[in-house]
Amino acid sequence: MHSGSTDLRVVKTRLAIQSRFLDLLLKKNFNELTVKDITSAANIGRGTFYLHYQDKYDLLEKVIEEGLETTIDMFQPHEFISAGQVIPERIIQFILEIFKHFRANERFFRAMLFNEGIPMFRHRMQQRFLKKFHNEVELIGLKDKLTDPATLEILPIFISSGMIGLVGWWFENQMRIPEKDMARKVFLVMTQGPLKTFGLRVEENH
């Protein structure tokens, strides 16, 4: 019983530290942030902080890892494809859930995307996405169908760069376009391509 309550206290303390840390990152450059700033905001002593984290870099690393893990875990393409066929409603629902996830974790993503002291977050997010994508490609068996290896390199970069840029833009614009509309538009671009989505006719080569 005692161990359980101790574990619960540890989790609550870590959550409090991480929560105050995100608040600070929204106001102050990470480079200028001190452990004293964090302990004051979380209302804890320095000793308590060092029980959980080595320093502010260790705290940042753990916050990023947990945030990315939760986000990337949502990406399960094999759930949207059945016998080589894409199931549109499932993909739209997935994109909708992703945007809801971004809104629910707005503080985390705003802090990571826009704090000038954390320059590598977009790159790390993309690298995690690419790793997961290639694992899923193996699961679905798409690798065998793609005769051109360059496609397997270019397409995930194109999609992930676009999505990460889009999420940044969405936050900058105060998320004024509802998640449902974002999901439909993203699905449209994914299925029709940018040119056809613009209403342009694309001449087919026969």
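1. Helices here are DSSP runs of H or I with at least four residues, and strands are runs of E with at least two, numbered from the N terminus. On that basis the protein chain of this predicted model has ten helices and two strands, and their order along the sequence is α-α-α-α-β-β-α-α-α-α-α-α.

2. As to overall dimensions, the C-alpha trace of the protein chain spans about 70 × 40 × 30 Å along its principal axes. The protein chain comprises 206 residues, of which 36% count as buried, and it exposes about 13,100 Å², with carbon and sulfur atoms supplying 57% of that area.

3. On contact order, when contacts in the protein chain between residues at least 6 apart in sequence are considered, 66% of them join residues at least 24 apart.

4. The largest nonpolar core has 50 residues, and those with the most contacts inside it are F21, L25, F102, M112 and F121. Two or more residues are given to this core by each of α1 (2-25), α2 (35-42), α4 (56-73), α5 (88-104), α6 (106-114), α7 (121-140), α9 (149-172) and α10 (179-197); α5 gives the most, with eight residues.

Definitions and conventions
Residues are numbered from 1 along each chain as its sequence is written. This is a predicted model: local features need pLDDT of at least 70, side-chain atom pairs count only at pLDDT 80 or more; totals for chains, interfaces and linings use all residues. Side-chain values use heavy atoms; hydrogens and water are left out. Buried means under 20% relative accessible area, exposed over 50%, partly exposed in between (1.4 Å probe, protein chains only). Contact means heavy atoms within 4.5 Å. Accessible areas come from the Shrake-Rupley method with a 1.4 Å probe; for residues, only the protein chains shown count as cover. A nonpolar core is a set of buried Ala, Val, Leu, Ile, Met, Phe, Trp, Tyr and Cys residues joined through side-chain atoms within 4.5 Å.
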